[in-house]
Amino acid sequence: MKGQLADQLQPAEETLEAEKASFLKQPKAVWATAIAAVFAFMGIGLVDPILPAIAKNLQASPSQVSLLFTSYFLVTAVAMLVTGFVSSRIGGKKTLMIGLALIVVFASLSGLSGSVGELVGFRAGWGLGNALFVATALAVIVGVASGGTGTAIILYEAALGLGISLGPLLGALLGGWQWRAPFFGTAVLMAVSFIALLALLPKTPTPATKARLRDPLLALGHKGLRTTAASALFYNYGFFTILAFTPFILGMDAYGIGAVFFGWGVAVAVFSVFVAPLLQRRFGTTNVLVGTLAALLLDLVGLGLAAGHSVTAVVVLVIVAGALLGINNTLYTELAMEVSDSPRPVASAGYNFVRWMGGALAPFVAAQLGEHFGPQVPFFAAALALAFAILVAAGGRRFLKSHEPHLV
């Protein structure tokens, strides 16, 4: 019996060692793309520490300022439908370059905004650049990285986690001096990324088959991908309620908010890269997904109970949420890339179109609920959204089971 168990465990251990080695031995183009992705993802949490300062300086309400997230993610979601159409005609590298250039332009314009309306509009343009870059970056990393899709997704999630953690830190360091500075800082970083990718990323061939505009929507006809995307929509509502609404209830300056969300982002990064794969191999994708969604639901209920009563409890629960979000980010991304028979860029576009809608809705709805009903209600609403995420994932378990890894 022991001999059989050892025989079963040995291939799994060899696989883990091979993946660990391949994770570090990547072409320069992969590292350049991943670093650029870090800078791109920094734009998500960049405004977190300066939301109160923006509201004060531009004489705007929390719900008006929350539109910085809503316009960004709404345009990102819709633009996901055209990323495959564009990249399949001009190639991945050119698409990345256009996306980076748009981010540089609109991040700079955001720093020059004279009203909250202008800022919201420029963030929408930033969202277009982000969509072209982020969707294509994942496909490029998967195509160029050594070690298979699993390694590429971990690299991508590492970039996501690092970017999300560093974004609030940069926003705090620069925003504590001047609220416009983080936007200009991002523009500089993305310009550096543009130059690096121009030099290091080889020309990517255009696919033999051109993607059609309707392909991402058709891909959602697959029950596994549709289940993943629908569950992720509700999950992202909870994710961005925490990210966009919490800064308004902490009562801290930019440095304090930045420190809290830096800790949150570090938890996202560590648990997405190191913990999620271990749990997935041990318990299976769907079991871990449903379990961490349930834990996040309880965390959001705790945030609702603590909001307005204990800043310390809110800070602790936000960081704990980061750990749970990190695990789920990896699982959702891997499911989206592997669960259907559609080409990965097409599946990714359809999935991201649906899930970013949750990111677009949450900031504005949460701020409205907070303004009219108190700071507790947005978190309870987010907990309800997590309940729907669980029901969708559990109800579609049979469509996701085909993706379950070998359990050890």
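Helices (H or I, at least four residues) and strands (E, at least two) are runs assigned by DSSP and numbered from the N terminus. This is a predicted model, in which local features need pLDDT of at least 70, side-chain atom pairs count only at pLDDT 80 or more, and totals for chains, interfaces and linings use all residues. Residues are numbered from 1 along each chain as its sequence is written, and side-chain values use heavy atoms, leaving out hydrogens and water.

Q: How many helices does the protein chain have?
A: The protein chain has zero strands. Its helix count is 17.

Q: What is the radius of gyration of the protein chain?
A: The radius of gyration is taken over C-alpha atoms, and the globule rule is 2.2 Å times the number of residues to the power 0.38. For 408 residues that rule gives 22 Å, and the protein chain comes close to it, so it is as compact as a globular protein of that length. Its radius of gyration is 20 Å.

Q: What share of the 408 residues in the protein chain is buried?
A: Buried means under 20% relative accessible area, exposed over 50%, and partly exposed in between (1.4 Å probe, protein chains only). By that cut-off, the buried share of the protein chain is 57%.

Q: Where does Gln59 lie, and is it buried or exposed?
A: Gln59 is placed in the loop between helix 3 (51-57) and helix 4. Its phi is near 50°, a positive value in a residue other than glycine. Most residues other than glycine have a negative phi. At 75% relative accessibility, Gln59 counts as exposed.

Q: Which residues does Arg89 contact, leaving aside neighbours within four places in sequence?
A: Arg89 is in helix 4 (residues 62-90) and is partly exposed at a relative accessible area of 35%. Its C-alpha atom is separated by 9.2 Å from that of Thr209, 120 residues apart along the chain. Contact means heavy atoms within 4.5 Å. With those neighbours set aside, Arg89 is in contact with Thr206, Lys210 and Ala211.

Q: How far is the backbone oxygen of Phe85 from a polar atom of the side chain of Arg89?
A: A polar contact is a pair of N or O atoms within 3.5 Å; within protein, one must be able to donate a hydrogen and the other to accept it, and residues adjacent in sequence count only if both atoms are side-chain atoms. For Phe85 and Arg89, the distance is 3.1 Å.

Q: Which backbone nitrogen does the side chain of Ser340 reach?
A: Ser340 sits in the loop between helix 14 (311-338) and helix 15 (344-373), and its relative accessible area of 12% makes it buried. Not counting residues up to four places away in sequence, Ser340 touches His222, Leu225 and Ala347. At 3.3 Å, its side chain reaches the backbone nitrogen of Ser342.

Q: Which side chain makes a polar contact with the side chain of Asn329?
A: Asn329 is found in helix 14 and is buried, with a relative accessible area of 6%. Beyond four places in sequence, its contacts include Glu157, Leu160, Phe239 and Val268. The polar contact, at 2.7 Å, is with the side chain of Tyr235.

Q: Which residues does Val104 touch, not counting those up to four places away in sequence?
A: Val104 belongs to helix 5 (residues 92-111). Val104 and Phe183 are 79 residues apart in sequence and 9.3 Å apart in space, C-alpha to C-alpha. The residues that Val104 touches are Ala187, Met190 and Ala191.
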